[in-house]
Amino acid sequence: MVGAVLGELVPHVSSTLWLIPALPLIGAVVNLFLGNRLGKWAGILSTVLVFASFAVSLAAVLNLLTNASENRLAIEHLFDWISVGGFQVGADLRLDTLSATMILVVTGIGALIHLYSIGYMAEDPRRGRFFAYMNLFVFFMLMLVLGANYLVLYVGWEGVGLCSYLLIGFWYTVSGNAEAAKKAFITTRIGDTLMLIGLALLVFKFGTLDFEAIFGTAGSVLTKDAATVIALLLFAGAIGKSAQLPLQVWLPDAMAGPTPVSALIHAATMVTAGVYLVVRSHVLFELSGVALTVVLVIGVATALFAATCAIAQFDIKRVLAYSTISQLGYMFIAVGMHAYGVAMFFLAAHACYKALMFLGAGSVIHGVHDEQDMRQMGGLRRAMPWTFVTFTIGGLAQAGVPPLAGFFAKDALLEVANHTSRETVYVLGSIAAFLTAFYIGRMICMTFLGRARSDAAEHAHESGWVMLAPLVVLAIGVVAAGILQLNPEGVMTKALEPVVGAAALGGGLSVAALIGIAVAVALLSLAAAWWIYGSGRVDTVAFRARMEPMATAAQRGWYVDRAYDVAIVQPAKSVARLTSDVVDAVVIDGAVNGIAGLVKRSASGGKLLQTGFVRTYALVLFLGAVLVLGFIGVRG
Amino acid sequence: MRTPIAYFLMLAGILFAMGTVGVLVNRNALRIFMSVELQLNAVNLTLVSFARMHSDLGGQVLAFFSMVVAAAEVVVGLAIIVSIYRRRRTIDVDAAREMRW
């Protein structure tokens, strides 16, 4: 019983956790008010603060790990936030091995991306504002993962949504960017609203939002159906935030933001908040059972769907966007199979290699003078050797080539699928893995191999060390992170076990066979991609033409956007037009103007009484007084 | 022997009527103003008379209040008349009739 395991965690009282989110908050406030006067110091300040936050996080986590595994929980009560009748919500922070994983990812990768941004945004006149938003994002993300109750989590949840909106639309003067920002905000809002309803149900059922209290008593308080409803509502929030089917449409458009934003928010941290939420709430999902199946199905569908879209993209950032959606689908597959440790390792590994690839893509975009179309690239390996090597390491990690982190993550996931007799998931997961390796191979070939296909690519230049250093550090991380999870019961799973419990594994294919199949899939797929896009033996334009109309459909995300436009956006606009042109203009304005006109017409006669002669007024006053007094006199 | 109260009231009535007629027939703002003062004083006289009749000081106190208020009102009123004169070189109230429809 998972809940019982939770109850055995003995909390420590901590007094330094608040520093972790406070440091980036200071940077956000300072940069918000003074950022544009600080010049280049704005970036340095916020980067130093996030690094400091990482140092504090690391110290806190190491301190936590010195405890015995059942004592690895620290709670910090900052202040009583809401206290209404019997309903109490405290601003509490909670550090256990689950939030420890998240804060290390957020601050560690966040710090590297901040460092990179100093170089990437060096020319931008509004970089003070940029770093303010970035720091604010890190603050909210840390609140999200450190919160000890659902309300603190929700504040962080909405806060990161806001920062995502602000940063996607950061270059708002460029046409379309503001639209993309709005789309991201509104789409995720659908999920957020459902999630809020879920939280309201939790308050209704438990009278509290505290994790410890809810998970400790969930088994006795909730019926199976109630747990299903609440879990699915929470999962709806996760679907929006993590861009899963059917709310995946916002993430590809979110690439309008600066590339470091895509790396930090739309690859490494914010989009993984949905996975964190489900893992954090796993007690409710376990109670329901049905909800976990829904998570699994959505995960599989999204992983496959987005992988097919990624193959057909030409914009290097959109490939990465779809690949992120697909990888998030993988994480939900792991969650759906009760393999929370695997999901969290997948999350951490993905954060490393996807941040690495995004930053590499940013370096490429910088190097070829703001060109994002891969058809205009090619041959960049000579001009940008550092970017090429690090990007390729990230790519191979995602494709699942050992011994990189991504291999262990995907292999552990498929092993769990196989050893829990989920044959369909295993086969579909392997197909998605094949597609993944294919689009990664295609991207690397089109960008770095072959010959330059445009002037910009001919004259590409390598980025400065500020941008390359984070790439190198992340590449080392991608290579080294595998030791945390060599198999489904690796270090990470063991560390998370007190919080999330362990998945029961049965038998299946032997581990060696599974590894063999996974590696064969990845290498075959990469080889196929190289044959088509890298060897020069296939005419890629003709190859694509033969694939029409499937290629264009995949490139457009299988027209989901258009379907939503027809089914939801246009009807909504029609209703809006009806209310504005008919209800507002005719009914409401008609009533207001009608009353005003009536008063005006009736006044046109009465106003003639106003002669302007003071003595007339005096006379009328006098006569009126006589009349009133006479009336009183007559009545007696 | 006391003077009958009716005398005072009749005097007050005559003063008030004179004031009223003065307000209605004069066009000079100053004269209208003086007529208003006459009306006020007629009322004050009434107040004092009734106060004496009922042996109640309240009426006299009210008369003082009314004088003080009248004094303040005179200040404001004269200031307005002076400024009207400065602007228009006349204090004929019929000339100042822009405030209409």
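In this predicted model, helix α18 of chain A covers residues 385-399. Its 15 residues reach 20 Å from the first C-alpha to the last, close to the 21 Å expected at 1.5 Å a residue. The helix is mostly covered, with 12 of its 15 residues buried. Among the buried positions of α18(A) are F388(A), I393(A), L396(A) and A399(A). Directly after α18(A) comes G400(A), a residue with a positive phi near 95°.

Two packed helices are described by the angle between their axes and the distance between the axes. For helix α16 (residues 340-367) of chain A and α18(A), the axes come within 9 Å and cross at roughly 145°. This crossing is left-handed. On the α16(A) side, the residues that meet α18(A) are Y353(A), L356(A), M357(A), G360(A), S363(A), V364(A) and G367(A). An α-helix has 3.6 residues a turn, so residues three or four places apart point the same way. From α18(A), the contact takes in T387(A), T390(A), F391(A), G394(A), G395(A), A397(A) and Q398(A). By class, the residues of the contact between α16(A) and α18(A) are six nonpolar, eight polar and no charged.

Of the 636 residues in chain A, 53% are buried. Among contacts in chain A with a separation of 6 or more, 81% join residues 24 or more positions apart. The chain is divided into domain 1 (316-555) and domain 2 (560-635), and the C-alpha centres of these two domains of chain A lie 67 Å apart.

The loops hold some backbone details worth a visit. In the loop between α9 (224-241) and α10 (250-253) of chain A sits P246(A), which is joined to L245(A) by a cis peptide bond with omega of about 0°. The loop between α9 and α10 of chain A also holds A243(A), whose phi is positive, about 55°, although this residue is not a glycine. A243(A) counts as buried because 29 other C-beta atoms lie within 10 Å.

Further along, P549(A) lies in the loop between α25 (540-547) and α26 (550-555) of chain A. The peptide bond from E548(A) to P549(A) is cis, with omega near 0°. The loop between α26 and α27 (560-606) of chain A contains W558(A), another non-glycine residue with a positive phi of about 55°. W558(A) has 15 C-beta neighbours inside 10 Å and therefore counts as partly exposed.

Finally, chain A also touches chain B. The contact takes 11 residues from chain A and 10 residues from chain B. The side of chain A that touches chain B has six nonpolar, three polar and two charged residues.

Key: Residues numbered from 1 in each chain as written. Chains lettered and ligands numbered in written order. Predicted model: local features only at pLDDT ≥ 70, side-chain atom pairs only at ≥ 80, totals over all residues. Contact = placed C-beta atoms within 7 Å. Nonpolar A, V, L, I, M, F, W, Y, C, P; charged D, E, K, R; others polar. Helix = DSSP H or I, 4+ residues; strand = E, 2+ residues; numbered from the N terminus. Expected span 1.5 Å × (residues − 1). Buried ≥ 20, exposed ≤ 12 C-beta atoms within 10 Å, placed from the backbone. Domains from an automatic or database assignment. Axes fitted to C-alpha atoms, helices over the stretch in contact; angles between N-to-C directions. Left-handed = near helix turned anticlockwise from the far one by under 90°.
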